[in-house]
Amino acid sequence: MQSDFKHINVVPIGNEFFDHLTTRSRVSSSGLKLNRLRKLYTRQVTNTHLTFSNKLSTILNDFPPFDDIHPLYTDLLRFVFDKKRYSFSLGQVNTARRLIANVANDYANLLEFGGSVKECKALKASAVSEMFSVVNEITPGLAYLEQLRQHMVKLPLVDPDVPTILVSGYPHADKACFFNGIVDFRTKSTAFDVGFSGYDGLMRCQVMDRVLDKPVFGGECNVVVDALARHLGDAIVLFFLDVSCSCGYSVADQVVFLYSVKATFVDRPLLVVCDESDLMLVSEEDWRLIEDMDDGEEVGLKISDLRSEEGLISVKNAACEWLLDQRGRLISCISLDEARVMRNKYILEDHQELDGDDDHEVSDLFVEPDVLFRLEEQEHEGVIKHAEEEEQEEDEEEDDDFVMAEERFTEEHKGDQLVAIHKIQPLRILIAFGFCILVGNTYGTVQQCLSTLSFFG
């Protein structure tokens with residue numbers, strides 16, 4: 001998945017191709033032979049083709065395919081990014097590159113047989129004109145890609161798979177001091193700031209600021225906040241509470257801001273950070289609101305000296321420990337699931353191997369209900385299979401009895417036929433003998449009688 005778009009070059013549109021070509025020095029064609037003029041104009045057509053092809057190839061190489069763009073960035077660009085139009089524009093660029101190559105090859109072949117200088121000039125001009133016509137046809141697509149590029153290069157480099165610390169709260173000095181004090185590398189953008197910081201060599205996390213500077217309630221929700229809440233993996237939200245109200249908002253307003261953040265980043269830990277020096281002047285009502293924030297599970301409270309380096313590091317360490325604990329719970333859940341699957345698989349295989357052993361039993365206390373249900377299904381399938389085998393054996397025995405009876409009946413029927421033949425044969429001999437006397441064939445009569453006698457013998 002690609003997440004860095006700073007390398008995308010400016011997309012040339014319309015006359016920018018033409019300006020690049022007309023700035024080249026012109027070669028005088030006077031005094032040259034026709035053969036050399038053909039080669040000269042062919043070379044100019046080829047150079048024009050290479051210029052167009054290189055620029056269009058650069059566009060195709062700079063803009064990644066849609067499937068290679070991380071969904072986080074497609075959500076960040078949801079108002080200007082259209083999947084169908086993006087793919088269609090890149091397809092137009094690819095088609096234009098192929099058509100320009102065909103035009104250059106066709107006119108290069110025609111220039112080899114140019115009959116005069118005037119004809120060669122006309123062929124060269126026609127070739128360049130057709131190439132420009134192809135580029136002009138895709139001008140709307142190029143304009144869309146350039147507009148999209150201007151938004152893509154402004155996006156910061158964000159890795160959704162890296163543990164993230166989101167700095168939230170109304171703009172004030174403590175929040176800016178925290179971000180500047182813990183990051184060792186930062187990237188700026190028009191949307192928000194991203195920095196990176198390490199924690200005792202155990203992990204490296206990214207820190208984001210200027211993302212949650214105002215509440216996210218209402219229909220006009222921040223696109224950046226929506227995308228981060230949907231696609232960030234391990235993340236914790238640090239809410240900097242300005243108890244002194246120097247940011248221009250009361251504690252009650254900041255509490256409303258806090259609950260809007262909590263509602264957006266569901267199932268993400270949230271740590272409220274307060275400066276201990278400001279708590280000296282807090283009222284009882286505001287203190288009650290602060291205590292109600294800390295529920296011990298999803299929302300925690302961290303009081304530290306945010307004007308010292310040690311206090312900033314302690315806040316960062318607390319956030320990183322929450323992230324490590326969250327990752328450890330996730331890994332343990334995955335390990336337990338894998339172990340449970342392997343155990344259930346072993347129980348099923350062991351039951352299948354020892355299906356004929358009556359002494360083998362599986363304790364219901366250590367087997368999950370779905371595994372027991374599967375075992376019962378296997379037993380039921382075994383009973384049904386055994387019954388089907390018995391029924392098949394009975395059918396085979398009945399078929400054998402039927403075949404034997406049929407063979408016995410066939411032998412008896414053959415015997416009856418032989419008896420009938422013996423009874424009918426003398427009558428046939430007399431008829432044949434009389435017929436032969438009538439026709440005068442004495443030799444045939446004798447042969448018939450002899451064959452009949454041999455048959456009876």
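Modeller: Axes here are lines fitted to C-alpha atoms, for helices over the stretch in contact, with angles running from 0 to 180 degrees between N-to-C directions, and helices (H or I, at least four residues) and strands (E, at least two) are DSSP runs numbered from the N terminus. This is a predicted model, in which local features need pLDDT of at least 70 and side-chain atom pairs count only at pLDDT 80 or more, while totals for chains, interfaces and linings use all residues. Residues are numbered from 1 along each chain as its sequence is written, and side-chain values use heavy atoms, with hydrogens and water left out.

The axes of helix α2 (residues 34–62) and helix α5 (residues 117–137) come within 9 Å and cross at roughly 5°, and α2 and α5 are therefore roughly parallel to each other, a term for angles under 35 degrees.

As for the interior, a nonpolar core is a set of buried Ala, Val, Leu, Ile, Met, Phe, Trp, Tyr and Cys residues joined through side-chain atoms within 4.5 Å, where buried means under 20% relative accessible area (1.4 Å probe, protein chains only). The largest such core has 78 residues, and Phe-63 and Tyr-86 are among those with the most contacts inside it; helix α4 (residues 83–111) gives the most to this core, with nine residues. Leaving aside residues up to four places away in sequence, Phe-63 touches partners including Ile-8, Tyr-86, Leu-145 and Met-152.

Note on methods:
Buried means under 20% relative accessible area, exposed over 50%, partly exposed in between (1.4 Å probe, protein chains only). Contact means heavy atoms within 4.5 Å. Angles under 35 degrees count as roughly parallel, over 145 as roughly antiparallel, 65 to 115 as roughly perpendicular and the rest as oblique.
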